[in-house]
Amino acid sequence: MDENHHIFLNLSSELTGYSVIDLEGTGLVYSYQKLVEDEIGKHVATFLYDTTKAVFSHNTTKARDRFMRVDIVASPTLWPICKGIIMLWYYGQWTSMSLVWYRYYARVPPSPNLTPDKTVVPSAAAYTQQLSYKAAGAHPPGAHPTGFGSWGLDPVFGDFITTK
Amino acid sequence: MSKHYDAIIVGGGVTGAIMAKMLSEGGKNVLILEAGIKGAMKPKNYRKYLNKLYTEGGIRGMPNGPYPWNASAPSPAIPTAPNPKSEQDPYFVFRTEKHFMSDYLRMLGGTTLHWQGTSLRMVANDFKMQTVYGRGRDWPLSYEDLEPAYRRAEFELGVSADVEDQRFFGWFPEGYVYPMHKLPQSRVDKFFLDTIQDKTVELEGNTYPLKVISIPVARNSTPNPKYGIYSGYDPIPSVGNRDHGLRCQGNSSCMPLCPVQAKYSALKTLNGLTEKGKVKIKTQSVVSRLIINNETGKITAVEYKHYKDPDSPENHKLKQAGGTIIILAANAIENATLLLASGAANSSQQVGRNLMDHPYLYTWGYAPKRVFPFRGPDTTSGMESLRDGEFRKVHASFRASLSNWGWSGEPKNQLSKLIENKIYGKQLRHTLGDRMTRMVKIGFMFEQLPSYENRVTIDDNYKDKMGNYRPVLSYGYDDYTKGGIEAAVTKVWKKISEYAKIEDETQYPYPAPGGYQRMNYNGMDYNIMGSGHIVGTHRMGRYSKDSVTDRNMKAWDHDNLYVVGPGNQVTIGTANPTLTTAALAVRASEAILKELE
C-alpha cells in the first residue's frame with residue numbers, strides 16, 4: 001500500500017466516522033482515491049495528503065481534532081474536497097468541484113472533460129455501499145435487504161444494537 | 001388477415017394477464033397485443049434495470065425511472081420529475097393549469113412492474129355513494145356482487161393479509177382467509193399502534209377511531225395452511241429464477257423495482273401462460289384503431305403497428321388481427337385514447353370523462369424515540385378508519401399509509417445540512433443515525449368524485465412519433481377533495497402528532513419540488529402529488545345513456561367489444577385500485593366465457 005493510499009483511507013475514516021476496516025470492507029477505497037485525485041489534480045492532491053499527514057502526526061486526539069479543524073475544515077481549498085469525500089462515502093455520489101474553486105482556491109486549471117457542479121454515481125457499488133442508511137441501521141433501497149420480517153425488529157447491526 | 005382468435009386482448013398488464021389466463025383455461029384461443037417491449041420478462045433485462053436503479057443513485061424519475069424509454073410506445077412521466085428522455089419528448093398534453101401527476105408504464109407487465117402492491121378491497125359504501133351520501137354516483141354493482149371476484153383476484157395476485165383486520169369495513173364469507181399470512185408489521189407500525197390505536201378524532205360532528213391495521217399486499221409472505229380446500233397456497237417465485245422471490249426479504253425498493261420479484265407483477269401470470277403455450281403474446285404491437293362494421297356495430301378487427309426498433313417509430317408495419325371478442329385491457333388513459341381515436345363506444349359522450357386519481361399528501365416529523373425506518377416493504381399498515389363515515393356527505397374520505405421508508409430520499413438533504421454546518425466524523429455518523437432512525441411519514445390518499453371536466457381527449461395536433469394520438473388531459477381537484485385534504489392535515493395529522501408526541505416537521509415549500517404541485521384551500525398551501533391510481537375514463541353503468549359499458553364491462557355500442565380495467569370504476573373510493581381492477585377482470589372473463597359458450 002503506498003503512503004497516499006494510507007493517508008486517503010485515514011482521512012476518509014476521520015471524515016466519515018467509520019473505521020478503516022469498515023471502509024476497506026466496501027472495496028471502494030482505491031476507486032474513490034483515483035476519482036478524487038483525477039478531479040482535483042496532482043498538485044492539490046499532494047497538498048491534501050501533506051496537510052492530512054501533518055494533522056495525523058499529532059499524538060493526542062485533542063490536538064489532532066484541533067489541527068483538523070484549523071488546517072482542513074477551515075481551508076477553502078481542502079474542505080470542499082472533504083465535503084465531496086463525505087458525500088461520496090455516505091451517499092455514493094460525487095459532485096464536481098466548482099469553477100470558483102478551481103480558479104480561486106485550487107489555482108489549477110480544471111480538467112478539460114470537467115462539467116462543473118455535475119453529480120455522478122461513480123459505480124453501482126457506490127450506491128449499494130453508501131453509509132447513510134448504514135448509519136441508521138438500515139440499507140440502501142434495492143440492495144443488502146435485511147431479510148423477511150426483520151423490519152419488525154430492532155436492527156441487529158450497526159450503531160443500534162440494544163441489549164433490551 | 002392472419003389467424004382468427006376467440007379473443008384479442010389489447011394490453012399485457014394485470015387486466016390482460018388475468019383475462020388471458022381465465023379465457024385460455026376455458027379453452028379459448030387468445031392473442032395479447034402489447035404496445036411495449038417484452039423487457040422485464042427476460043431475467044437478463046430485469047437485472048439490467050436493477051443495475052440502472054443503482055447507477056442512477058436510486059430514484060431519479062421515479063417510478064418509471066429504471067425502465068427504458070420507448071419512443072414507439074411512450075410512457076408518461078410525472079411532469080416535474082421526469083426522466084431525462086421523456087423531458088425532451090413529453091407524452092401527456094395538458095389543457096389545464098393543474099397537471100395530472102401520475103404515470104404508468106407501457107411495457108409487458110404494465111404498471112404492476114412498479115406498483116406498491118397494496119391490495120385493499122373497496123368498502124361497501126364506495127359502490128353506492130349517491131344513495132348513502134348524496135355524492136358521486138352509484139355503481140351498477142354492489143360490494144356483495146363483486147365479492148367472489150375479489151376472492152379470485154386475491155388468489156391471482158397472491159395477497160398476504162389478516163382477514164380479521166380487513167373485516168373493519170368489509171364483509172367476508174365465514175371461514176375465508178387470505179392466501180398468505182399478513183406481512184410482519186414494522187417497528188414504525190408498532191410505534192403508531194402503541195401511541196394512537198385507542199385514540200379518536202372528530203370530523204363534522206362525529207367521533208372516529210384512529211385505527212391502525214395491517215394492510216393486504218400482493219407480496220409473498222408465509223402461506224396460510226388454512227387457505228383453500230387443499231393445503232394452502234404456493235407462492236409464485238420470480239420470473240426466470242425459481243429460487244428468488246418466495247418471500248419478501250425487505251429490499252425496500254417496491255417502487256420502482258423489487259429485485260427478487262417477491263411482489264406480484266403481471267409477468268408472473270403471463271409467464272405461467274407462455275410456459276404452457278396457450279396464449280399468444282405479440283409485443284411491440286401498438287393498437288392504433290378498432291375497425292367497426294357500420295351495419296352490425298361489431299368490431300371486425302384491430303389495426304396495430306408492429307415495430308422492430310423502439311427508437312425508430314417511423315419504421316413499422318401496419319397489421320390487423322381479427323377475433324370474435326375484442327377486449328381493451330389497457331390503462332384507463334390508453335383505453336380511452338384508443339376508443340376516441342377509433343370513434344368507438346362513445347354514444348354516451350362519456351369516453352375519457354370522469355378521470356380520477358388519488359391526490360396524495362405527505363405529513364412528516366420526528367418520533368420521540370427510534371422507530372428504525374428505511375427497512376422492509378414501503379408500507380405494512382395504515383390508519384384506515386377514515387375510509388368511510390358520515391363526513392363523506394361534506395368532504396372526501398381518505399386513508400393514511402404509514403411509511404416504512406422514513407422521509408424517503410431524505411439522507412441527501414440531512415447530509416447536506418450537516419456538512420454545511422461543518423459536522424463530520426463520528427458526530428456526523430451519530431447525528432445522521434439519530435435523525436434517520438426517528439423519521440416518520442404518513443401518506444394521505446384522498447377520494448376524488450367523478451367529474452365531467454376531468455377528462456382525456458385527443459387532438460389532431462398532438463400525435464406521437466409513430467403517429468398515434470397522445471392523451472390530452474384536463475384535470476383538477478374540487479372542494480370535496482380539498483376539504484378532505486384540509487381535514488387530514490389540520491385535524492387528523494394534528495391529533496396523531498399530538499398523541500404520538502411527534503415533532504412536526506411538515507412544511508410545503510414554494511415552489512413545489514419535483515413531482516408535486518401546489519394547492520391552496522382556505523388560506524393554507526399544500527404540495528400534492530399523484531398516486532398512479534388512474535381510473536374512471538370508461539365507466540360502467542346501468543344505462544347506456546350515461547356510461548360506456550354495462551356491469552359486465554361490455555361496451556353498450558358494440559356487441560363484441562369489452563372495455564376492461566380501472567377505467568370501469570364509477571367512483572374511486574380510497575382503495576388502491578389494482579385489486580379492484582383484477583376483480584373486474586375476473587368478472588369480465590366470466591361474462592365472456594358465458595357468452596362464448
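Me: Before we start, what ground rules apply to the model and its numbering?

Reply: The model is predicted, so local features need pLDDT of at least 70 and side-chain atom pairs count only at pLDDT 80 or more, while totals for chains, interfaces and linings use all residues. Residues are numbered from 1 along each chain as its sequence is written, and chains are lettered from A and ligands numbered from 1 in the order in which they are written.

Me: What makes up chain A in terms of helices and strands?

Reply: Chain A has eight helices and two strands. Helices (H or I, at least four residues) and strands (E, at least two) are DSSP runs, numbered from the N terminus. Read from that end, the elements of chain A go α-α-α-α-α-β-α-β-α-α. The C-alpha atoms of the chain fill a box of roughly 55 × 40 × 30 Å along the principal axes.

Me: How many residues of chain A touch chain B, and what makes that a contact?

Reply: Chain A gives 39 residues and chain B gives 42 residues. Two residues are in contact if their C-beta atoms, placed from the backbone, lie within 7 Å. On the side of chain A, the elements that give two or more residues are α1 (3-16), α5 (78-91), α7 (124-128) and α8 (132-135). The largest share, five residues, comes from α5(A). By class, this side has 21 nonpolar, 14 polar and four charged residues. Here Ala, Val, Leu, Ile, Met, Phe, Trp, Tyr, Cys and Pro count as nonpolar, Asp, Glu, Lys and Arg as charged, and the others, Gly among them, as polar.

Me: Why are α1(A) and α3(A) called roughly perpendicular?

Reply: Two packed helices are described by the angle between their axes and the distance between the axes. The axes of α1(A) and α3(A), residues 29-56, come within 9 Å and cross at roughly 85°. Axes are lines fitted to C-alpha atoms, for helices over the stretch in contact, and angles run from 0 to 180 degrees between N-to-C directions. Angles under 35 degrees count as roughly parallel, over 145 as roughly antiparallel, 65 to 115 as roughly perpendicular and the rest as oblique. The two helices are therefore roughly perpendicular to each other. Residues making this contact include A:Phe8 and A:Leu11 of α1(A), and A:Tyr49 and A:Phe56 of α3(A). By class, the contact has seven nonpolar, five polar and one charged residues.

Me: Why does B:Ala341 count as partly exposed?

Reply: B:Ala341 has 16 C-beta neighbours inside 10 Å. A residue is buried if 20 or more other C-beta atoms lie within 10 Å of its own, exposed if 12 or fewer, and partly exposed in between, with C-beta atoms placed from the backbone. The count of 16 therefore makes B:Ala341 partly exposed. B:Ala341 sits in helix α9 (residues 332-342) of chain B. Leaving out residues up to four places away in sequence, B:Ala341 touches B:Ser288, B:Arg289, B:Ile458 and B:Tyr469. B:Thr457 is 116 residues from B:Ala341 in sequence, yet their C-alpha atoms are 9.3 Å apart.

Me: Which residues touch the most other members of the largest nonpolar core, and what makes it a core?

Reply: They are B:Ile8, B:Met19, B:Ile327 and B:Val564, in a core of 206 residues. A nonpolar core is a set of buried Ala, Val, Leu, Ile, Met, Phe, Trp, Tyr and Cys residues joined through C-beta atoms within 7 Å. The largest share of this core, ten residues, comes from α5(A). Beyond four places in sequence, the contacts of B:Ile327 include B:Ile8, B:Met19 and B:Val564.

Me: What makes β3 and β15 of chain B edge strands?

Reply: Their open sheet has three strands in the order β3-β16-β15, with mixed pairing. Two strands pair if DSSP finds at least two bridges between them. β3 (93-94) and β15 (455-457) each have a single partner strand, so one side of each is left without a neighbour in the sheet. Three bridges join β15(B) to β16(B), residues 472-474, and the two run antiparallel. Within that pair, B:Arg455 stands opposite B:Ser474.
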